[in-house]
Amino acid sequence: QVQLVESGGGLVQAGASLRLSCTASGRTVSNYAMAWFRQAPGKEREMTATIGYRGSSTSYADFVKGRFTISKDIAKNTVYLQMNNLQPEDTAVYYCAAKNSFGPRYDYWGQGTQVTVSS
């Protein structure tokens, strides 16, 4: 099975950018559809962006459209989330997830990386 490790989180000011990385081991990311989720304190985890097996199809939650971009580098076995114009409401723990089935459930998760945006 695949193991996922996120990195790239941190503390930034509103309007700044960050790029999160999710590096996979054990399996190639081309075998998985992948996604970034986030969970803010006291809130449920929510899907932020998804990317297909080969990286050609993507989708975004409305609250990040036009600001965040998900991408997949198969050669580096890594999925990225480029986050621009960050706002305080983007503060959350960001999780990378993977699945290799057609259902909605993601079966493999990283440990998360904290993103904090100050106003």
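Ground rules. The model is predicted, so local features need pLDDT of at least 70 and side-chain atom pairs count only at pLDDT 80 or more, while totals for chains, interfaces and linings use all residues. Residues are numbered from 1 along each chain as its sequence is written, and side-chain values use heavy atoms, with hydrogens and water left out.

Let me start with strand S9, residues 92-99. Strands here are DSSP runs of E, at least two residues, and they are numbered from the N terminus. Seven of the eight residues in S9 are buried. Buried means under 20% relative accessible area, exposed is over 50%, and partly exposed is in between, with a 1.4 Å probe and protein chains only.

Next, the open sheet. Four strands, in the order S1-S3-S8-S7, pair antiparallel. S1, residues 3-7, and S7 are the edge strands; each has a single partner, so one side of each is left without a neighbour in the sheet. Neighbouring strands of this sheet are turned by 15 degrees against each other on average, direction ignored. For that angle, axes are lines fitted to C-alpha atoms, for helices over the stretch in contact, and angles run from 0 to 180 degrees between N-to-C directions. Inside the sheet, six bridges join S3 to S8. Leucine 20 has leucine 81 in S8 as its bridge partner.

Now the disulfide. What is the count? One, by the rule of cysteine sulfur atoms within 2.5 Å. Cysteine 22 and cysteine 96 form it, with sulfur atoms 2.0 Å apart. Cysteine 22 lies in strand S3 and cysteine 96 in strand S9, so the pair ties together parts that are 74 residues apart in sequence. The torsion about the S-S bond is about -75 degrees, so the disulfide is left-handed. Cysteine 22 is buried, at 0% relative accessibility. Cysteine 96 is buried too, with a relative accessible area of 0%.

On to the core. The largest nonpolar core has 29 residues. Such a core is a set of buried Ala, Val, Leu, Ile, Met, Phe, Trp, Tyr and Cys residues joined through side-chain atoms within 4.5 Å. Which members touch the most other members? Leu4, Met34, Trp36, Leu81, Met83 and Tyr94. The elements giving two or more residues to this core are S3 (18-25), S4, S5, S7 (68-73), S8 (78-83), S9 and S11.

Then the charges. The structure holds five salt bridges. The cut-off is a side-chain nitrogen of Lys or Arg within 4 Å of a carboxyl oxygen of Asp or Glu. Arginine 38 meets glutamate 46 at 2.9 Å, N to O. Buried or exposed? Arginine 38 counts as buried, at 5% relative accessibility. Glutamate 46 is partly exposed, at 31%. Both residues belong to a salt-bridge network that links Arg38, Glu46, Arg67 and Asp90.

Two further bridges. Lysine 65 and aspartate 62 meet at 3.2 Å, N to O, and both are exposed. Aspartate 107 and arginine 105 meet at 2.9 Å, N to O. Aspartate 107 is partly exposed, at 31% relative accessibility. Arginine 105 is exposed, with a relative accessible area of 62%.

Last stop, arginine 45. Where does arginine 45 sit? In the loop between S4 and strand S5, residues 46-51. Arginine 45 is partly exposed, with a relative accessible area of 43%. Leaving out residues up to four places away in sequence, arginine 45 touches Phe37, Arg38, Gln39, Tyr95 and Trp109. Contact here means heavy atoms within 4.5 Å. The C-alpha atoms of arginine 45 and valine 93 are separated by 9.1 Å, and the two residues are 48 apart along the chain.

Key:
Two strands pair if DSSP finds at least two bridges between them.
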